[in-house]
Amino acid sequence: MNNQKAIATPLKTKEILAKYGFSFKKSLGQNFLIDVNTLERIIAYAGIDKHTGTIEIGPGMGALTEQLAIHSSQVVAFEIDQRLVPILKETLGSYDNIKIINQDILEADISQVIKENFEPGQRIKVAANLPYYITTPILMKLLMDKLPVESFTVMIQKEVADRMAAEPNTKSYGSLTIAVQYYTEAHIAMTVPKTVFMPQPNVDSAVLHLTVRDQPPVEVQNEEFFFDLVQASFGQRRKTLRNNLNRHFADQLQKPEIEKLLGKAEIDGTRRGESLMMEEFARLANTFYQAVGTAE
Ligand code: SAM
């Protein structure tokens, strides 16, 4: 990478800030990358090549966008902040394979954008330094939309990355872990010091790599019911599974019926949600769904 030219240096970033009189909006999670080395590693982890189409959320001043344009076939980037549009026109002006869409990613019809901008069947990957105030809604939207995307390589808060990539029986393991790992294989590629951002965020950061699964790892009869049950099982973390399920199904099932269903699913009600593997949650949800789901 040519450090002299790259956007992601403290000097170049300050230059652009001054030229446009740009002030960071904390409310939009604007912490820009100013370290070329970190960008290089994101690109390497993302496994992008010249056949890959890429989608970015929040290009900012174009630091990562530029690298995606160099290493992939084309980039589509969603940026909510109108003030950045003229800046991106200048910083990325010499690339003809970048499309900036000035829109809130949460409002975007990404499926349609993919159809319009990429070849049918083309490999598509997402790479981003996400705005931290909406990390989870963005990732859950992208995953639940079941887009034809192979992987996500995203800079997020370390604490959220820990939860998404967690193992059972740990403090970080919870309903977010199950939701993310139902759709993807998750692992933390690297942790990142605050010093690579301008301005520096208040929290630690990590790059999370999510490989989208062809099929979920478990078979569930009703996804909504499954996710609701998982969430309820972690509802009060210190309580037993039995307690949390009694509360969740209070309107539908008597306590003895819940005991019977726990027995049928071969799950001990005195366990805590954090000890259950995804397969066990699936078995539990399918057993309860057969008893109450269809009656709703
Ligand atoms: N990619 C740049 C970089 O690494 O230097 C900027 C990353 S900064 C953490 C997050 C970016 O997301 C900002 O440019 C912000 O304006 C943008 N953003 C915030 N909310 C957004 C949303 N809902 N939709 C699209 N972009 C958003």
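User: In which helix is Asn243 found?

Analyst: Helices (DSSP runs of H or I, at least four residues) and strands (runs of E, at least two) are numbered from the N terminus, and residues from 1 along each chain as its sequence is written. The model is predicted, so local features need pLDDT of at least 70 and side-chain atom pairs count only at pLDDT 80 or more, while totals for chains, interfaces and linings use all residues; side-chain values use heavy atoms, without hydrogens or water. On this numbering, Asn243 lies in helix H10.

User: Is Asn243 buried, partly exposed or exposed?

Analyst: Buried means under 20% relative accessible area, exposed over 50%, and partly exposed in between, using a 1.4 Å probe and protein chains only. The relative accessibility of Asn243 is 39%, so this residue counts as partly exposed.

User: How far apart in space are Asn243 and Gly29?

Analyst: In sequence, 214 residues separate Asn243 from Gly29. From C-alpha to C-alpha, the distance is 38 Å.

User: What percentage of the residues of the protein count as buried?

Analyst: The protein has twelve helices and nine strands, and its C-alpha atoms fill a box of roughly 70 × 40 × 30 Å along the principal axes. Of its 296 residues, the buried share is 53%.

User: What is the distance between the end C-alpha atoms of H12?

Analyst: The expected span of a helix is 1.5 Å times one less than its number of residues. For the 15 residues of H12 this gives 21 Å, and the model agrees, because the end C-alpha atoms are apart by 21 Å.

User: Which helices are included in what covers the buried residues of H12?

Analyst: Eleven of the 15 residues of H12 are buried, so this helix is mostly covered. Among them are Met278, Phe281, Leu284, Phe288 and Val292. The cover includes helix H8 (175–183), H9, helix H10 (241–248) and helix H11 (255–264).

User: With which residues is Asn286 in contact, leaving aside its neighbours within four places in sequence?

Analyst: Asn286 belongs to helix H12 and is buried, at a relative accessible area of 15%. Contact means heavy atoms within 4.5 Å. With the sequence neighbours set aside, the partners of Asn286 are Glu219, Val220 and Gln221.

User: At what angle do H9 and H12 pack?

Analyst: Axes are lines fitted to C-alpha atoms, for helices over the stretch in contact, and angles run from 0 to 180 degrees between N-to-C directions. The axes of H9 (residues 223–233) and H12 (residues 278–292) are 9 Å apart, and the packing angle is about 115°.

User: Is H9 roughly perpendicular or oblique to H12?

Analyst: Angles under 35 degrees count as roughly parallel, over 145 as roughly antiparallel, 65 to 115 as roughly perpendicular and the rest as oblique. With the angle at about 115°, the relation of H9 to H12 is roughly perpendicular.

User: How many residues of the contact of H9 with H12 are nonpolar?

Analyst: Among the residues making the contact are Phe225 and Leu229 of H9 and Phe281 and Phe288 of H12. Ala, Val, Leu, Ile, Met, Phe, Trp, Tyr, Cys and Pro count as nonpolar, Asp, Glu, Lys and Arg as charged, and the others, Gly among them, as polar. One residue is polar and none is charged, while the nonpolar residues number twelve.

User: Which residues of H4 does H1 meet?

Analyst: The axes of H1 (residues 10–20) and H4 (residues 84–91) come within 11 Å and cross at roughly 130°, which makes H1 oblique to H4. From H1, the residues involved are Ile16, Lys19 and Tyr20. Their partners in H4 are Pro86, Ile87, Glu90 and Thr91.
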